[in-house]
Amino acid sequence: MLSLFDVFLMMLCVTIGAWIWRGYGIRELALKLARRHCEKLDIELLDQNVALRGLRLRRDQRGHLRLAREYGFEFTVTGDQRLVGSITLFGRQLGKVELDPHPFTPRDEEVLPSSAQVVQLADWRREHPHSASKPH
């Protein structure tokens, strides 16, 4: 016959197992989001892995205090240097992605066209005298 304490222990084990299982799914989501962020910035995610750094109470975008999982990963821009990044998740919701300072090389489509030029403000005001706002 099961005692109340035995039932409590079984429920506790099931709860811990379910929480660990859910955490594994969230880790896979963190890896997917880190990979997508690195692709967007045209940097390479190293080892194709994220590692749980810890569980912390953090404020989300709305200012509510929530349990956050923080995962760490490594990336490279040039292939010479390993840099560190982190991704924070509130459950299955992305909190933030932070990357170590790294060199930035703009993609070809982000480079200004050759027709772009710098205009000095004084020259623009001289050419557009009626557009300049007058002090009240």
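A: Begin with how strands are paired: two strands count as a pair if DSSP finds at least two bridges between them. This is a predicted model.

Q: How many bridges join β4 to β5, and do the strands run parallel or antiparallel?

A: β4 and β5 are joined by six bridges and run antiparallel. Another residue to look up is Leu89, whose bridge partner in β5 is Leu94. The two strands form a hairpin with two residues between them, and there Gly91 has a positive phi near 65°.

Q: Which residue stands opposite Leu89 in β4, and how many bridges join β3 to β4?

A: Arg69 stands opposite Leu89. β3 and β4 run antiparallel and are joined by seven bridges.

Q: Why is β4 described as largely enclosed?

A: A residue is called buried when its relative accessible area is under 20%. In β4, seven of the eight residues are buried, so the strand is largely enclosed by the rest of the structure.

Q: How do I check the length of a helix?

A: Compare the expected span with the distance between the ends. Helix α1 covers residues 4-41, which is 38 residues, and at 1.5 Å a residue it should span 56 Å; its end C-alpha atoms lie 55 Å apart, which agrees. Just after α1, Asp42 has a positive phi of about 60°.

Q: Which residues of α1 are buried, and what covers them?

A: An α-helix has 3.6 residues a turn, so residues three or four places apart point the same way. The buried residues of α1 include Gly23, Ile26, Ala30, Leu33, His37 and Cys38. Among the elements that cover the buried residues of α1 are β1, β3, β4 and β5.

Q: How many aromatic pairs does a search of the whole structure find?

A: The search finds one aromatic pair. The ring centres of Phe73 and Phe75 are 6.5 Å apart and their planes are at 50°, so the pair is tilted. Phe73 and Phe75 are both buried.

How values were computed:
Residues numbered from 1 in each chain as written. Predicted model: local features only at pLDDT ≥ 70, side-chain atom pairs only at ≥ 80, totals over all residues. Heavy atoms only, no water. Helix = DSSP H or I, 4+ residues; strand = E, 2+ residues; numbered from the N terminus. Expected span 1.5 Å × (residues − 1). Buried < 20%, exposed > 50% of the residue type's maximum accessible area, 1.4 Å probe, protein only. Contact = heavy atoms within 4.5 Å. Phe/Tyr/Trp six-rings, centres within 6.5 Å; stacked < 30°, edge-to-face > 60°.
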